[in-house]
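Me: I have a model open and would like to learn how to read its local features. Could you take me through them one at a time?

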Amino acid sequence: MSTIIAEPGRVSFDDLARVYTGASLTLDSAYWPRVEAAAAIVAKAAQGAEPVYGINTGFGKLASKRIPPDQTAQLQRNLILSHCCGVGPATPEPVVRLMIALKIISLGRGASGVRREIIAQLQAMLAHGVCPLVPQQGSVGASGDLAPLAHMTAVMIGEGQAFVDGRLAPGREALARAGLSPVTLGPKEGLALINGTQFSTAYALAGLFRAHDLLNAALITGALSVDAAMASTAPFRPEIQALRGHPGQIVAGCVLTELLDGSAIRLSHLEGDERVQDPYCLRCQPQVAGAVLDLLTQAARTLVTEANAVTDNPLVLVETGEIISGGNFHAEPVAFAADQIALALSELGAISERRIATLVDPALNFGLPPFLTPEPGLNSGFMIAEVTAAALFAENKQRALPCSIDSTPTSANQEDHVSMAAHAARRLHDMADNLAHIIGIELLVAAQGIELRVPHGTSAALSAVIGALRVHVPALQNDRYMADDLAKAAALVAGGALARAAGAALGRDVFPKLG
């Protein structure tokens, strides 16, 4: 994979997405002088008589304890080892890689006071595939993601554990396999590495990337459902969306129109259709998907800003030579953004589940057989697939409750209000998995419905999507073991196969971007 040359403060959404999918990241050389200037300020403070938090003092409630200059290295090492208190499953490797990249970007701003070799160690680990084992649980999203970042930092100093080439090894051995050696932390460097929101932000960005892909897939399956139900496309006309004015709604209406353009099913019921209006799950797609797009766009702005931010403490002001304590480690913006993404994932599943329910119900599906099976009664068709979609939607709805409104005091009440950003971001992974299955079920159901409309066919773009599905999952004739079908459909959704098939048929990419 390529290497991104990062300009801290200017790293883009697309750059972050590339890191998540495997690219490495190194600091633009123009930023090294500022990094070195800030490190020199910290080194001077460490030798001075004036107490400076985290440099020659203890941490948190122990900030009043002075540390002599000859013990500052031990202070930083003890800080890392004592904070390696994470529990639970290992964080997925793409999230850990992104977390490391975010830490490089933050330290590269030259306001953290770390030496050049600390950033170089992170860059080398990223480039050589040294992936620290970071337990998922243990951060409350304030004072930084302390425990997760401590597990990352432990590997840098030869402690902890890391994956290299898919194998788990002790930290020192993992570094050696990549031709690297442990670093010794200087004044403030351990604190700079574990203070910050990089774990929460990486997880939130991962959720955002997946939510965006799932939104595009939901627009496709929503269009498929429109044709399967022989619903009207008039609600997607641009004049309607323009009169409301929300940018996402305008884009969503346009995408749905493009996907359905040329459908013979659509043309077959323009006249003589007795229905006046379709259910909201079909008719209000631009309004719902568009609101999701706007919400994800807002979350993207927040998370890209946070990805470029300096979020440790204290901070070094190179221009004045000051070292100032603040609270940039509080992850409230990340928690809010993650809660927004959770709402978006939940609502995409909610409306998709309603479209599935509409298509399997003979009272609503405009002439299709019950549960879309050619021989109902003997066969149950998609009856229980719809129940599974309902179960997954209900689970996502429960998980969409905001995490950011929760707080609990920690560290002897020194850290008395926390963001819970890590909880907010981590749950997005499971929610995205659930949504991929819901949209996959809609894909199966809508494709079946369209094929039951023969001799009328759908558009070229949607036919290409059905063709991509049928390579892996045949149409349902008689009842069969369906779990494999659902898994394959979900994999197609999660992997972006639907958008690629539709885009190839259209000859262009019509789907909304967040970058």
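Reply: Gladly; we will go through rings, a sheet, the backbone, a charged residue and cysteines. This is a predicted model, so to speak of its local features we need pLDDT of at least 70, and side-chain atom pairs count only at pLDDT 80 or more, while totals for chains, interfaces and linings use all residues. Residues are numbered from 1 along each chain as its sequence is written, and side-chain values use heavy atoms, with hydrogens and water left out.

Me: Let's start with the rings. How many aromatic pairs does a search of the whole structure find?

Reply: A pair of aromatic rings is described by the distance of the centres and the angle of the planes. Rings of Phe, Tyr and Trp (its six-membered ring) pair if their centres lie within 6.5 Å; planes under 30 degrees apart are stacked, over 60 edge-to-face, and the rest tilted. The search here finds three such pairs. In one of them, F13 and F209 have ring centres 5.4 Å apart and planes at 75°, so this pair is edge-to-face. It links distant parts of the chain, with F13 in helix α1 (residues 13-20) and F209 in helix α9, 196 residues apart. Helices here are DSSP runs (H or I, at least four residues), as are strands (E, at least two), numbered from the N terminus.

Me: Is F13 buried or exposed?

Reply: Buried means under 20% relative accessible area, exposed over 50%, and partly exposed in between, with a 1.4 Å probe and protein chains only. F13 has a relative accessible area of 9%, so it is buried. F209 is buried too, with a value of 9%. F199 and Y203 form another edge-to-face pair, at 5.3 Å centre to centre and 80° between the planes. Both of these residues lie in helix α9, four residues apart, about one turn of the helix, and both are buried. As for clusters, F13, Y20 and F209 form one.

Me: In what order do the strands of the open sheet run?

Reply: Two strands pair if DSSP finds at least two bridges between them. This open sheet has three strands in the order β4-β6-β7, paired antiparallel. Its edge strands, β4 (131-132) and β7 (167-170), each pair on one side only. Two bridges join β4 to β6 (residues 161-164), and C131 stands opposite F163 in β6.

Me: Where should I look along the backbone?

Reply: Another joins V454 and P455, with omega about 20°. Then look at phi: M230 is not a glycine, yet its phi is positive, about 50°. M230 is in the loop between α9 (198-228) and α10 (238-244), and its relative accessibility of 11% makes it buried.

Me: Which side chain of opposite charge is nearest to R97?

Reply: For charge, Lys and Arg count as positive and Asp and Glu as negative; His and the chain ends are not counted. A salt bridge needs a side-chain nitrogen of Lys or Arg within 4 Å of a carboxyl oxygen of Asp or Glu. R97, in helix α4 (residues 93-107), is buried without a salt bridge, and the nearest opposite charge is E93, 5.2 Å away.

Me: How many disulfides does the count come to?

Reply: A disulfide is a covalent bond between the sulfur atoms of two cysteines; the rule is a pair of cysteine sulfur atoms within 2.5 Å. The count comes to zero. For C284, the nearest cysteine sulfur is that of C281, 8.9 Å away.
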